[in-house]
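Work through the exercises below with the sequence and the structure at hand. Each task is followed by a solution in steps.

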Amino acid sequence: MSVEVSCPACGATISFKIGSSIVVVCEYCNSVIARGDRDIEDLGKVADLADTGSPLDLGLKGVYQGVPFELTGRAQLGHEAGGVWDEWYAAFQDGKWGWLAEAQGKFYMTFQQDMPEQGLMTLPTYEDVQLGEPVGALSTSVPLVVAEKGQAEALAAKGEIPYRLVPGQQYVYADLSGPHGMFATIDFGDTPPSVYVGREVPLSALGFPADVQAPEREARRVAGLQLSCPQCGGPLDLRAPDSTRRVTCPNCGSLLDADQGKLEFLQALDPSVKPLIPIGSVGQFAQGQFTVIGFVVRSVTFEGTKYYWEEYLLYNPQIGFRWLVRSDDNWNFVEPVPVGEIVKGFSAKNVRCNGMYFKVYQDTPACVEYVMGEFYWEVTVGEHVRAVDYIHPPFMLSMEATLGDPKSEPAEDEGSKRGKRRRRKVTVETGEVNWSLGTYLKAAEVEKAFGITGVPRTSKIAPNQPFVHKRIYKYWGILLVACLIIGLGLIATGARRKVFEATYQLEPLKNAEDSQVRFTDAIALNARQNVKISATAPVDNTWLEIEGDLIDTSTNDSEAFSLPVSYYYGVEDGESWSEGDRTPGTYLSAPPSSGNYILGMEIRWERWQQPATVTVRVEQGVRRAGPMAVTLVLISIMPVLVGLYHFSFEKRRWADSDFSPYGS
């Protein structure tokens, strides 16, 4: 039921069209009018809404999860680090209110979550919330991780709003992130804190009319003093005017603060620093076409020495911001990753993202040394962040944690943005955690993307540079398994056959130098099958030896062999021992052609005064493990050499890391 009242500030008629709305912004004087139990109240005036290029507008009707809604209100909130974001308020037909946040082209639909008393007791205080740590008190399927804690200010508003918005009011909050776009906000300005839970949603999932699309956000040329450098008066253009918070003058090199197109001088920069890829260059990457709009030089310090790298800010109106990072002439294409997609690994030195485990490579403060171009945050020379890099070649997962300046808030009674509360005196420590995923690029890929030449090559191995020969291990493993299967199959199924066996009774010899000679009958052998000759003798602490030849009866060609039969044993120092072989065998090469062969054997034995017995056997088609072993060794030579090179490669990869598994 609509309720009409007169604006206490200007007298104009204003309407509360939604029964559960708390305030209405007067269209004529921008006063925020709240209704209470008995009377209306003027909470103050808000500024005009800034043009953020949003595709949304009041009165738009949509459908979310099958329930129709209408956008009835809008607020613009200021971030303490600069910039604004929009909050749209959706009145659903089922009586619920939805909070639709819009920031940098992304949309987040959340609903206030009723917390049971037990849940409120376990909800952490603002001081206890830690960046990057999970908050388990919310009724979500998985714990959400703190991505940001900060302080916001109500700047502008329009329409009907479901909470008590006080112009200029500041409050502290924590934004939480989870997998698959899950999102939540804890408003610590209320007592007890208010909790809003939902997820990131594409604009197409909100059921708006077909002509409501993501903004093109094409760069606009703003005329007049707003695009004149306040330091030198030179003109400059903003390529991402809706998002730019810092810009450098291309004429004098001054770093300027950009606030809705109004430029303010901050500091002079070194004009001698030149980016390898000029500002304004356009590159074609797998995700789309991006323009270089910003350039940053950062550094880390180890043992008193600074090490520098370059970061190029890329922009696409439909996709958003990406980074191209150059370090030691190695390159990475970097894109943002939601904090909630990061899961702690099985130790403190690794994390998991997209199903991959990343090892920590570096954890150190990083400092901004130089900036050029446009930036979507208030970057300053000398700015420090904690930077942690994790690697899983060819990917690098990076975390940057920023901490704001602590601020003291006085204790006083005032209206909260969503109800009445008693504000506490607290020390506000703000900060934000950002994760990004870099993909290794070759210098040639960067040249191809921008259509340039002369990009320097490097001999230094990048932390996430892939080892290009790694696939050899896969093929090696496949080949090893195949050889083993084939070899064992041949051994198990080989056509082994006995072609001759005879036992010889040997008479005593006249002296030790004598021997007995034996010739076998003709033995039929097949071509291309190996020959095994073995002997068996019941020797006991003695020996018997056969020196013989396998003779081809058609050509008289022969192949010599030797069979030493021996077996010794005894006890020495209380321990028994034995050595020798009572059934030795030897292999001869396969005959070149089938035919008849004979064995000629000269036999000696140690106890020549006594008779001896020996059995001789000839077999063909006996499979051997030796050739298979030789084959395995031969196919392993190259992979082993590659493995040695890989070991050296990994040592050089980890040479600059404090977490090297190869030691210092």
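**Exercise 1.** Which residue in strand 43 does S534 stand opposite?

Solution. The model is a predicted one. Start with the two strands: strand 37 covers residues 531–536 and strand 43 covers residues 612–620, and they pair in the antiparallel sense over six bridges. Then look across from S534: the residue opposite is R617 in strand 43.

**Exercise 2.** Describe the hairpin of strand 1 and strand 2, and sort the residues of strand 2 by face.

Solution. Strand 1 (residues 3–6) pairs with strand 2 in the antiparallel sense, over four bridges. Between the two strands of the hairpin lie six residues, and G11 in the turn has a positive phi of about 85 degrees. Now the faces. In a regular strand, side chains alternate between the two faces of the sheet. In strand 2 (residues 13–16), I14 and F16 make up the covered face, while T13 and S15 make up the uncovered one.

**Exercise 3.** What kind of aromatic pair do W85 and Y173 form?

Solution. A pair of aromatic rings is described by the distance of the centres and the angle of the planes. For W85 and Y173 the centres are 6.0 Å apart and the planes are at 65 degrees, so the pair is edge-to-face; the cut-off for that class is over 60 degrees. Next, locate the partners: W85 is in strand 8 (residues 84–92) and Y173 in strand 13 (residues 170–177), 88 residues apart, and the pair links distant parts of the chain. Both W85 and Y173 are buried.

F290 lies in strand 20 (residues 288–302) and F333 in strand 23 (residues 330–337), 43 residues apart. F290 and F333 are both buried.

**Exercise 4.** Which strand gives the most to the lining of the second largest pocket?

Solution. The second largest pocket holds about 800 Å³ of space. It is lined by 37 residues, and the closest to its centre are G132, I342, K344, V351 and W435. Strand 25 gives the most to this lining, with four residues. By class, the lining has 21 nonpolar, ten polar and six charged residues.

Technical notes. Residues are numbered from 1 along each chain as its sequence is written. This is a predicted model: local features need pLDDT of at least 70, side-chain atom pairs count only at pLDDT 80 or more; totals for chains, interfaces and linings use all residues. Side-chain values use heavy atoms; hydrogens and water are left out. Buried means under 20% relative accessible area, exposed over 50%, partly exposed in between (1.4 Å probe, protein chains only). Two strands pair if DSSP finds at least two bridges between them. On a 1 Å grid over the protein atoms alone, a cavity is a set of points where a 1.4 Å probe fits but cannot get out, and a pocket is an open set with protein on both sides within 12 Å along at least five of seven lines; lining residues have an atom within 4 Å of a point. Grid points are joined across faces, edges and corners, and a volume is the space filled by probe spheres set on the points. Ala, Val, Leu, Ile, Met, Phe, Trp, Tyr, Cys and Pro count as nonpolar, Asp, Glu, Lys and Arg as charged, and the others, Gly among them, as polar. Rings of Phe, Tyr and Trp (its six-membered ring) pair if their centres lie within 6.5 Å; planes under 30 degrees apart count as stacked, over 60 as edge-to-face and the rest as tilted.
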